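Please look at the sequence and the fold side by side before reading on, and keep both in view while the paragraphs below take you from one place to the next.

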Amino acid sequence: MKNIIYILTFFLITSVQAQKENQPIYAQVSGKGKPILLLPGFTVPGDSWQPIVKELEANYECHVITLAGFGGKKAIEFPWLPKVNEALENYISKNNLKDITVIGHSLGGTIAAWLASREKNDIEKIILVDALPAAGALMIPNYNPDYLVYESPFNKQQLNMNSKDFENLANSMSKGMSLNKDAQNNIKKWMLQADRKTYVYGYTDYLKFDTRENLKNIKIPVTLLAAEKPYGKDMVKQTYDKQYKNLANYDFLIAENSAHFIMFDQPEWFLKQIKKSLALK
């Protein structure tokens with residue numbers, strides 16, 4: 001009898017551990033008040049939101065998300081992004097989050113737009129930070145998500161890249177994402193810390209993700225914060241006008257002298273816009 005109990009206990013513990021290791025999202029909660037869900041960008045851990053969380057947690061309950069494969073979290077089986085999206089919807093439902101505000105940067109903003117387009121989620125408003133509903137359409141000529149597959153020469157090259165070459169790549173990319181030297185170092189660190197397979201195949205998921213058509217379903221307040229660099233205001237506005245043409249109403253602001261990580265390049269301006277948007281009814 002003792003042996004049977006031991007075996008059952010062992011399998012129960014093993015099952016729980018397996019579930020934890022295979023979870024698509026990880027949440028850290030702090031503060032009290034109306035809920036805010038904060039979604040980071042690709043490779044970026046939830047800790048990146050801490051400066052803004054410190055400003056908000058006195059009046060809001062902040063749910064900070066880290067995605068599987070990033071920030072030291074365990075990787076999951078593919079497809080990665082659909083599982084992340086499903087897990088976020090389940091998180092909102094399971095925790096009974098009502099009248100929630102979702103703040104998302106980059107990929108996190110794309111996900112936020114998708115979540116807001118779904119009737120099952122009780123979302124009050126969304127704030128999208130340098131995020132597009134279809135990043136792949138901007139980057140790839142004759143864009144067709146069906147043509148994007150995991151087993152491609154480009155993905156194979158990145159998977160097989162040695163540590164030194166990948167570090168050089170991360171260093172180069174980080175310099176284009178922020179004007180802040182400290183932020184550049186952090187961005188590079190997050191890229192190097194990411195699970196390589198999640199970095200490669202997860203990015204394919206990201207480029208395949210096109211939620212432009214779903215924007216028609218969004219009726220809540222939307223704030224778009226866009227970075228001026230490197231394309232300039234005119235090009236940025238043209239891009240956002242085209243990508244968000246299915247969104248009926250939104251507030252659009254451009255962060256001057258800022259690259260992709262607006263929260264690091266223009267922190268005071270960023271905080272001001274977040275607080276202003278949160279005050280909107």
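This is a predicted model: local features need pLDDT of at least 70, side-chain atom pairs count only at pLDDT 80 or more; totals for chains, interfaces and linings use all residues.

Residues are numbered from 1 along each chain as its sequence is written, and side-chain values use heavy atoms, with hydrogens and water left out.

Helices (H or I, at least four residues) and strands (E, at least two) are DSSP runs, numbered from the N terminus. In the loop between β3 (60–67) and α3 (80–94) you will find P79, and the peptide bond that leads from F78 to P79 is cis, with omega near 5°.

N96, in the loop between α3 and β4 (100–105), is not a glycine and yet has a positive phi of about 50°. S106, in the loop between β4 and α4 (107–116), is likewise not a glycine but has a positive phi of about 55°. Is S106 buried or exposed? With a relative accessible area of 7%, S106 is buried (buried means under 20%, exposed over 50% and partly exposed in between, with a 1.4 Å probe and protein chains only).

Now turn to α3 and helix α9 (residues 196–208), whose axes come within 8 Å and cross at roughly 70°; axes are lines fitted to C-alpha atoms, for helices over the stretch in contact, and angles run from 0 to 180 degrees between N-to-C directions. That angle makes α3 roughly perpendicular to α9, since angles of 65 to 115 degrees count as roughly perpendicular, those under 35 as roughly parallel, those over 145 as roughly antiparallel and the rest as oblique. W80, L81 and P82 of α3 meet T198, G202, D205 and Y206 of α9 in this contact, where contact means heavy atoms within 4.5 Å. These contact residues divide into four nonpolar, two polar and one charged (Ala, Val, Leu, Ile, Met, Phe, Trp, Tyr, Cys and Pro count as nonpolar, Asp, Glu, Lys and Arg as charged, and the others, Gly among them, as polar).

On a 1 Å grid over the protein atoms alone, a cavity is a set of points where a 1.4 Å probe fits but cannot get out, and a pocket is an open set with protein on both sides within 12 Å along at least five of seven lines; lining residues have an atom within 4 Å of a point. Grid points are joined across faces, edges and corners, and a volume is the space filled by probe spheres set on the points.

The largest pocket holds about 1,200 Å³ of space, and among its 43 lining residues A135, M139, Y203, Y206 and L207 lie nearest its centre. Helix α9 gives the largest share of this lining, six residues, and the lining as a whole divides into 30 nonpolar, 11 polar and two charged residues.

The second largest pocket has about 310 Å³ of space, and here the largest share of the lining, six residues, comes from α3. The largest cavity, finally, has a volume of about 30 Å³, and its lining includes H105 and W49.
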